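Please read them with the structure open.

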Amino acid sequence: MNKIGIYIISITLLLFTACDKFIELDPLDEITEAAYYNTPEHFRTGSNLFYKSMVGMRRMDAVHTTDYGSDLIAYNADSREYGRGVVTVPLTDDTWWDDSYTAIRNINILLQKAEEYEGDKTEIAQYVATAYFFRAYQNFILLQRYGGVPIITTVVDVDSEELEGQRNSRYEVVYQILSDLDMATTDLLPEQSIAVADKGKISKWAAEALKAKVLLYEATWEKYVGTTTDGDGETSGAGSVIPEGYPSVDEMLAEAISLSIDVIDNGGYELWNHNEELDNLSMLYLFNLEDEGSNPAGLTKESNNEFILYTKYDFVYYQGNTNISHGVRNRLSPSRKFLDMFLCTDGLPANQSDLFQGYATISSQYQNRDYRLTSYFCDFDTWDTPADNQNPVEINARKFHSYPGYRDDKTESFDFPQIRLAEVYLTFAEATYELNGSITNAELDYSINKVRARSGVAGVSNEKAAAYNLDLKEEIRRERTVELFAETNRYYDLKRWGIAEQELNADIFSHVVEGTILETDPSVYNSGDYPYGQQVTTTADGELSTLLVDPASNRHFERKHYLMPIPSSQINLSAKLLQNPGY
């Protein structure tokens, strides 16, 4: 393969067989584009290729995919530079720029061949719809990362004019994404009609859920970020180009609501709640669910009807190949801010609840709290609530960690969620509040309170919010932060809300020291081991001296960092392809 313009041009197209599971993606012999796509089977196997380009264990970066280095994480070691605002222009970006455009080219090949197909086009409609979905999916990745990018809807080659084109505006990219998802929705099957052997394939509901996500993302971006990041490089360029018929912010929010309702009411999905069998740890085992050996209740993937859009793995056919268990263990150690975000079971913040047990011991703060707190974090040696002698900056994360004694070392094969029902509930709630400036009790019960209930947290109402001076918009954002931790959302949420500078540039704290076991037991904590020492900060129990792991003086996130720089190798290939502002 040779890099040509903004692509990695492929002379041949690798197509994959489904066998008894579509996820078994062993390549057939290489077949030239001209000789392929002559039968419906060709289109089916061709569309299976696109699943390999999904974000997941084989395509990720620790920062954007797992929240690493964000305000939620106390781990203070390698690869946290983005959250600090330390961003340099890379020479290349294989994972995001190159891989997305390579996928788009293969998608465009299928779409072109579909136009030329002389058979019954209803026989290939589902595979064509899959292609439209994945083109939208890849363009959304590019939009979130770079803003406006070149839109490619044809099969380019060495001498194609598109290779010398400038970037399209973010509004044109959004419009293309929405158009492609509309095309996809028409012919994709509902989840209920997808055969068991094909579970993981894109459904109609997945297309609607992704469109709702895109609409909420862009509506809030335009509402809170506006035009501050627009422009093709240092000029206004394509930044001001808005397609005819482009939806307003309110129109985007209204459609996000209606699509969410359709998925919730008609998709047949349900929250995976096995708290009774799993000691209230559903939100642990949902994310390492494989076969009967992956959890103490003997549940399998077939029990999971919550994931709507997800990257599918299989121990026999398609392992994760990444050792994500090792990666998340300490790199996702929680910050003091994040630990204090988890509500008490009465639905109140820890600083307002009589149920909060304080910080006297490391384990006391976990009592009477949201089940997700103990589901996400543990003492790795015991696979239990962090012990009182736990290293204060290394409370281990166990979300996306295989069950002890089961699989790790690159053999993990649990599915990686992109959108699940819980997120659709939260999309509904957030879009409703953003559109109306309020949300009714019935709408809260329809959405956010269902998510809270699974984690043992009492619901919220307008009356409760008024009584305890709770901002419902912030409560919805809190719920999203906690529920979707390490699921490719935190950085993008902070940016679309326009608060990334505020949140990412603050001091990062770990454990409270004052009045705790850390203050009295030198075998647990030696202040000399930590270069930034302690500092008084606001906690759930008042102003207390707390371990500082990354001071604000190290953190310089700016508005320009809302978008990543385009790789210099791409800029050098075309004079019209300008860099994002500030790089």
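**Cavities and pockets**

1. The largest cavity holds about 270 Å³ of space. Its lining counts 20 residues, and those closest to the centre are V55, I141, Q144, Q418 and T488. Bear in mind that this is a predicted model.

2. Which element gives the most to the lining of this largest cavity? The answer is α5, with five residues. Helix α5 spans 125-146. At least two lining residues each also come from α2 (62-66), α7 (204-224) and β8 (416-420).

3. By class, 11 residues in the lining of the largest cavity are nonpolar. Six are polar and three are charged.

4. How many cavities of 30 Å³ or more does the model contain? The count is 10.

5. Now the open space. The largest pocket has a volume of about 840 Å³. It is lined by 29 residues, with K337, D340, M341, R478 and E503 the closest to its centre.

6. Several elements give two or more residues to the lining of the largest pocket. The helices are α11 (336-341), α17 (472-483), α18 (490-496) and α19 (500-504). The strands are β9 (508-512) and β10 (534-539). The largest share, five residues, is from α17.

Definitions and conventions. Residues numbered from 1 in each chain as written. Predicted model: local features only at pLDDT ≥ 70, side-chain atom pairs only at ≥ 80, totals over all residues. Heavy atoms only, no water. 1 Å grid on protein atoms, 1.4 Å probe; cavity = no way out; pocket = protein on both sides within 12 Å on 5 of 7 lines; lining within 4 Å. Points joined across faces, edges and corners; volume = space filled by probe spheres on them. Helix = DSSP H or I, 4+ residues; strand = E, 2+ residues; numbered from the N terminus. Nonpolar A, V, L, I, M, F, W, Y, C, P; charged D, E, K, R; others polar.
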